[in-house]
Amino acid sequence: MAEQPDGLITIQDFVRWGASRFNAAGLFFGHGTDNAIDEAAHLVLGALTLDPGLPAAFRDCRLTPAERVLVCNMLERRVLERIPAAYLTGRTWFAGLEMIVTPDVLVPRSPIAELVEAGFEPWIDGEIVGRVLDLCCGSGCIGVAAAVHLPDVDVDLVDISPDALGVARRNVARHGVEDRVRVLDSDLFASLPNDRYDVIVSNPPYISRSELDSLPLEYRNEPELGLFGGEDGLDLVVRILADAASHLTDEGILIVEVGSAAPELERRLPSVPFTWIEFERGGEGVFLLTREQLDRHQLELLEEATAR
């Protein structure tokens, strides 16, 4: 049990104290927040089972002795164990929606959320989007958010991890979209031989060996299966590129996050006309290709995939 400091009484007192502890400990932020104050607020409110949109006036509310123990323990675990805040609270937000999170999945943080909120426009006419595939879905955050933001669309969530699929099913149920969302165990497209989609979106593992070894301690608490993409980070990415065209409709698009592996991808496939999407809220390393572009470069994509 963490020792309770004297003089801390209100919610805001504990947010301030937690932020000071985090800064002093040199924590890394990047799993939903980017600074110590927001991180501390996430944890304090999470310990109290309060929403992040709590009106400011309630920040001066006093905590009970039992609540102080819960809050102190959570803040101390964040410092001592370097566990991402979302794992401690069991929740995070993606595309404006609360998502269940466990250590079986990566903490949702992809900039693809902006595309989902916009219904994938202007990259595709929203009127023609009938089916979406969330490949390497993890928690299912992208696909579930697509089902919520696009209420007439059917979605498939696909992952190779049974544990991740369990979390995805919980998020499907959490948002009441079971009638339009399938959760499938598959090694990429292996269990989808005849399925075609208007949008295939993926945030696959893309961290290289050298980058994995240098990640902050917080990332070591995430499943390596969701991070490591091979020696150069591109093992799954090139497989997706090689097979995506046969699973897209004629006007379909492929959207893939490759993050820091983007320069290496362009080096290996210099003639492929990747469109790199810019985001208003920040983030990079997400490319888009159309079905026609994938078809035109199919030979090159297959050669890169089979060379591995």
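Me: Which residues touch the most other members in the largest nonpolar core?
Reply: In this predicted model, they are Phe-94, Phe-120, Val-132, Val-155, Leu-157, Val-199 and Ile-255, out of 37 residues in that core. Helix H6 (residues 141-149) gives the largest share of this core, six residues.

Me: What is Phe-120 in contact with, leaving aside its neighbours within four places in sequence?
Reply: Phe-120 is in contact with Leu-115, Val-132, Ala-146, Leu-150, Val-199 and Ile-255.

Me: And how many residues are in the other core?
Reply: That core lies apart and has 36 residues, among them Leu-133, Leu-135, Leu-192 and Leu-265.

Me: Changing topic: what volume does the largest pocket have?
Reply: Its volume is about 960 Å³. The lining of this pocket has 50 residues, and Leu-106, Asn-203, Pro-204, Tyr-206 and Gly-226 lie nearest the centre.

Me: How do the residues of that lining divide into nonpolar, polar and charged?
Reply: For the largest pocket, 29 are nonpolar, 12 are polar and nine are charged. Strand E3 (131-135), H6, strand E4 (154-159) and helix H7 (162-174) each supply at least two residues of the lining.

Me: What about the second largest pocket, which residues are closest to its centre?
Reply: They are His-31, Gly-32, Thr-33, Thr-92 and Trp-93, from a lining of 29 residues. The second largest pocket has a volume of about 690 Å³, and H2 gives the largest share of its lining, six residues.

Me: Why does the second largest pocket lie between domain 1 and domain 2?
Reply: It lies between them because domain 1 (11-89) and domain 2 (102-307) both give residues to its lining.

Methods. Residues are numbered from 1 along each chain as its sequence is written. This is a predicted model: local features need pLDDT of at least 70, side-chain atom pairs count only at pLDDT 80 or more; totals for chains, interfaces and linings use all residues. Side-chain values use heavy atoms; hydrogens and water are left out. A nonpolar core is a set of buried Ala, Val, Leu, Ile, Met, Phe, Trp, Tyr and Cys residues joined through side-chain atoms within 4.5 Å. Buried means under 20% relative accessible area, exposed over 50%, partly exposed in between (1.4 Å probe, protein chains only). Helices (H or I, at least four residues) and strands (E, at least two) are DSSP runs, numbered from the N terminus. Contact means heavy atoms within 4.5 Å. On a 1 Å grid over the protein atoms alone, a cavity is a set of points where a 1.4 Å probe fits but cannot get out, and a pocket is an open set with protein on both sides within 12 Å along at least five of seven lines; lining residues have an atom within 4 Å of a point. Grid points are joined across faces, edges and corners, and a volume is the space filled by probe spheres set on the points. Ala, Val, Leu, Ile, Met, Phe, Trp, Tyr, Cys and Pro count as nonpolar, Asp, Glu, Lys and Arg as charged, and the others, Gly among them, as polar. Domain bounds come from an automatic or database domain assignment.
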